[in-house]
Amino acid sequence: MHINTKLIHGGISEDKTTGAVSVPIYQTSTYKQNGVGQPKEYEYSRSGNPTRHALEELIADLEGGVQGFAFSSGLAGIHAVLSLFSPGDHLLMGDDVYGGTFRIFEKVFVKNGLEYTIIDTSDLAAIEEKIQPNTKGLYLESPSNPLLKITDIKAAAALAKKQNLLVMVDNTFATPYFQQPLALGADIVIHSGTKYLGGHSDVVSGLVTTNDSQLAQELAFLQNAIGAVLGPQDSWLMQRGIKTLGVRMEEHQRNALAVAEFLESHPAVVKVYYPGLTSHKGHELAEKQMSGFSGMVSFELKNERAAVPFVEALQLFTLAESLGGVESLVEVPSVMTHASIPKEKREAAGIRDGLIRLSVGLEYVEDLLTDLKLGLAKAGV
Ligand SMILES: *Cc1c(COP(=O)(O)O)cnc(C)c1O
């Protein structure tokens, strides 16, 4: 079935009891049991809720997983996934992952005995070189955040599998519409559903899926044991958002390409990072492993100090963290989303102070280009 059809009919698209075409919001914490020790399908909403279950089936369908899991945020999902590991285990992690992902490794899991090494996962030799006897997992984003680096997921997974590493891919930027990491060899796919999947900047959520039933069992245990589940109302909003993922992603991509091309031709801009540009280092690979380039564009101004005045001068691009909503957003990673990464590590990964990240929304593209032109003029660059 084509993904556009799965977006509408995947998961559980009809209510069993009433036939309602929109999955009802089962706003309940518990369920009447038939007798002592004889629950019906659901027992307690941390362990399972029909609205959440429909969303979990949907993400599994979209990514080719056997079971899905919905969490109260992307980081709650990452927390559950990293809880699969034990003290003394070592992981390899991409060098420009989301700042909060870096923070949970560094400040939470290191304290609990996990070890990790940061590498450029787009460099396959670096992966091979840094595998240690206690290395148990490879964690990566592709396209990465905020430099849109592309990792060859198939090759990286094949390499990792030779050493029995668990391969975890944060697919937030691409979404299952443009990329399906499980089919490329990943074991677990993670999403901040807050971004493109929800798509309307109105819900915080995390989605995880796997194509391995043993891992699915372990994740189900951790989801229930840790308990950071997504509520029924938010699970419904996520399904509402996902129905239009296909049309939104096509339009995000169209607008992003126009913005990237405009920026690349502007004399005040030194570098544009967008996998859809032929000048992008990972362009050919992205063409091979993705069916589109998504809507995120990062760039650097010649004059680093103009970055803040520029973003503050914009009218349509809203100055805000987050991404993937219908509205265009702008931010400066070094002082916003990636401020939790120490400056040396940030700069070593290429995230300089003048770097600006755009989440290109669905506004009329000429209006977006005009906003950027005026902003650049106002910032005096
Ligand atoms: C936002 C984001 C996260 C964290 O998700 P939350 O829903 O904010 O907890 C993880 N990975 C990426 C790539 C993100 O953009």
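Buried area is the accessible area (1.4 Å probe) that two parts lose on being put together, summed over both. The structure examined here is a predicted model, in which local features need pLDDT of at least 70, side-chain atom pairs count only at pLDDT 80 or more, and totals for chains, interfaces and linings use all residues. Residues are numbered from 1 along each chain as its sequence is written, and side-chain values use heavy atoms, with hydrogens and water left out.

The chain splits into domain 1 (3–242) and domain 2 (246–378), with bounds from an automatic or database domain assignment. Taken over C-alpha atoms, the two domain centres lie 26 Å apart. Between domain 1 and domain 2, about 3,100 Å² is buried, and carbon and sulfur atoms give 61% of this area. On the domain 1 side, Leu-147, Phe-178 and Tyr-196 lose the most area to domain 2, together accounting for 26% of what that side buries.

Contact (heavy atoms within 4.5 Å) links 41 residues of domain 1 with 41 residues of domain 2.

Turning to polar interactions, 16 residue pairs, both at pLDDT 80 or more, are in polar contact between the domains. A polar contact is a pair of N or O atoms within 3.5 Å; within protein, one must be able to donate a hydrogen and the other to accept it, and residues adjacent in sequence count only if both atoms are side-chain atoms.
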